[in-house]
Amino acid sequence: QVQLVESGGGLVQAGGSLRLSCVASGRPFRTYTTGWFRQAPGKEREFVAGISRSGSTTVYADSVKGRFNTSRDNAKSTVYLQMNSLKPEDTAVYYCAAKYPETQYGANYDYWGQGTQVTVSS
């Protein structure tokens, strides 16, 4: 199993940027597919971005394509989410997630971080 800890959230104005980090511990990080999800108050948790074990493949929700970028550094056991051109509708708690199978990026994750709050003001 793997433990995940997110950081980097905060309050920013619309149009600004934030970089979230997720540090993993436990079994070798390179064996896990990772992803980012978010949940706004009163809303269901939704998929944001996913990245393959090697980092060579990334996928994004339509709502963040062109604005967000995810990457990973397996040597540091860390995955990142660079968020640019932030909008008020991006406000949510953001979660890092991991799973062993390299199948569907948008679902079926087994391990979750505690979440970090991102608030975008208008």
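Predicted model: local features only at pLDDT ≥ 70, side-chain atom pairs only at ≥ 80, totals over all residues.
**Chatting about salt bridges and a disulfide**

D62 and K65 form a salt bridge, with 3.1 Å between the closest N and O atoms.

Reader: Thanks! Is D62 buried or exposed?

Author: D62 counts as exposed, at 65% relative accessibility, while K65 is partly exposed at 49%. Buried means under 20% relative accessible area, exposed over 50%, and partly exposed in between, using a 1.4 Å probe and protein chains only.

Reader: How many salt bridges does the whole structure have?

Author: A search of the whole structure finds four. One of them pairs D90 with R38, at 2.9 Å from N to O. That pair links distant parts of the chain, 52 residues apart: D90 is in the loop between β8 (78-83) and β9, and R38 is in strand β4. Strands are DSSP runs (E, at least two residues), numbered from the N terminus.

Reader: And what does R67 pair with?

Author: R67 forms a salt bridge with D90, the closest N and O atoms being 2.7 Å apart. R67 sits in the loop between β6 (58-60) and β7 (68-73) and D90 in the loop between β8 and β9, so this pair ties together parts 23 residues apart in sequence. Salt bridges that share partners join R38, E46, R67 and D90 into one network.

Reader: Are R67 and D90 buried or exposed?

Author: R67 is buried, with a relative accessible area of 11%, and D90 counts as buried at 1%.

Reader: Back to R38, which side chains does it make polar contacts with?

Author: The R38 side chain has a polar contact of 2.9 Å with that of D90 and one of 2.9 Å with that of Y94. A polar contact is a pair of N or O atoms within 3.5 Å; within protein, one must be able to donate a hydrogen and the other to accept it, and residues adjacent in sequence count only if both atoms are side-chain atoms.

Reader: New topic: which cysteines form a disulfide?

Author: C22 and C96, with their sulfur atoms 2.2 Å apart; the cut-off is a pair of cysteine sulfur atoms within 2.5 Å. The torsion about their S-S bond is about -85°, so the disulfide is left-handed.

Methods:
Residues numbered from 1 in each chain as written. Heavy atoms only, no water. Salt bridge = Lys/Arg side-chain N within 4 Å of Asp/Glu carboxyl O. Helix = DSSP H or I, 4+ residues; strand = E, 2+ residues; numbered from the N terminus.
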